[in-house]
Amino acid sequence: MKPRGKRGDGLVIVYTGGGKGKTTAALGMALRAIGHGKRVCMIQFIKGSWSYGEMESSRLLEPGFEMIAAGRGFVGIIDDKSPREDHERIAGEALRLASERVRSGAHDIVILDEINYAVDLGLVPVSGVLGILDARPPEVSVVLTGNRAAGQVVERADLVTEMREIKHPFREGVRAKKGIDF
């Protein structure tokens with residue numbers, strides 16, 4: 001593991017766990033950073049084919065915020081008709097894009113939304129994610145979201161928060177709500 005940078009350097013932050021709120025936490029951080037004049041890029045690895053609120057609201061935060069929906073949608077569930085090879089190719093392209101955005105130093109924070117799922121599903125190799133973290137300029141923070149974060153990613157992180165579901169209305173048959181869930 002690389003030694004930690006001095007105080008004030010960028011951080012590696014992981015939001016993981018089975019509970020709701022990982023992407024929301026990352027967006028809250030983005031909102032805070034933009035309020036301080038920082039530049040933020042969010043690359044979504046899984047989401048992409050649905051219409052959801054953060055895609056619309058992110059446009060209001062430009063030019064300080066760049067949102068890239070790189071995924072093709074949820075893999076293997078919720079009306080997914082795309083071949084797995086398409087998901088793998090698109091996730092690989094998103095990983096290359098993420099590497100470029102992080103290495104460029106053009107953003108203070110780069111959020112890799114749902115990347116932990118992409119690794120867990122075998123769409124991208126954990127070695128590719130670790131390569132991004134290793135090549136990160138010290139002033140750039142990288143935020144990785146999604147359940148089942150790989151142990152190697154957790155080990156490299158400076159901050160790891162696990163969201164744990166205690167109660168969820170979905171368990172009672174309540175469908176996802178516009179503005180709350182998407």
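In what order do the 6 strands of the open sheet stand? The order is β3-β2-β4-β5-β1-β6, and the pairing is parallel. This is a predicted model, in which local features need pLDDT of at least 70, side-chain atom pairs count only at pLDDT 80 or more, and totals for chains, interfaces and linings use all residues. Residues are numbered from 1 along each chain as its sequence is written, and side-chain values use heavy atoms, without hydrogens and water.

**The sheet**

- Strands (E, at least two residues) and helices (H or I, at least four) are DSSP runs numbered from the N terminus, and two strands pair if DSSP finds at least two bridges between them.
- β3 (65–69) and β6 (159–162) each have a single partner strand at the edges of the sheet, so one side of each lacks a neighbour there.
- From one strand to the next, the twist averages 10°.
- β2 (residues 40–44) pairs with β4 (residues 109–113) in the parallel sense over 5 bridges, and Ile 43 stands opposite Leu 112 in β4.

**Helix α3**

- Helix α3 (residues 84–104) lies across β2, β3, β4 and β5 (141–145), running at about 170° to β2; angles run from 0 to 180 degrees between N-to-C directions of axes fitted to C-alpha atoms, for helices over the stretch in contact.
- α3 packs with helix α5 (residues 126–135) at an angle of about 10°, their axes being 9 Å apart.
- The two helices, α3 and α5, are therefore roughly parallel to each other (angles under 35 degrees).
- Contact (heavy atoms within 4.5 Å) involves residues including Leu 95 and Val 102 of α3 and Val 129 and Ile 132 of α5.

Conventions. Angles under 35 degrees count as roughly parallel, over 145 as roughly antiparallel, 65 to 115 as roughly perpendicular and the rest as oblique.
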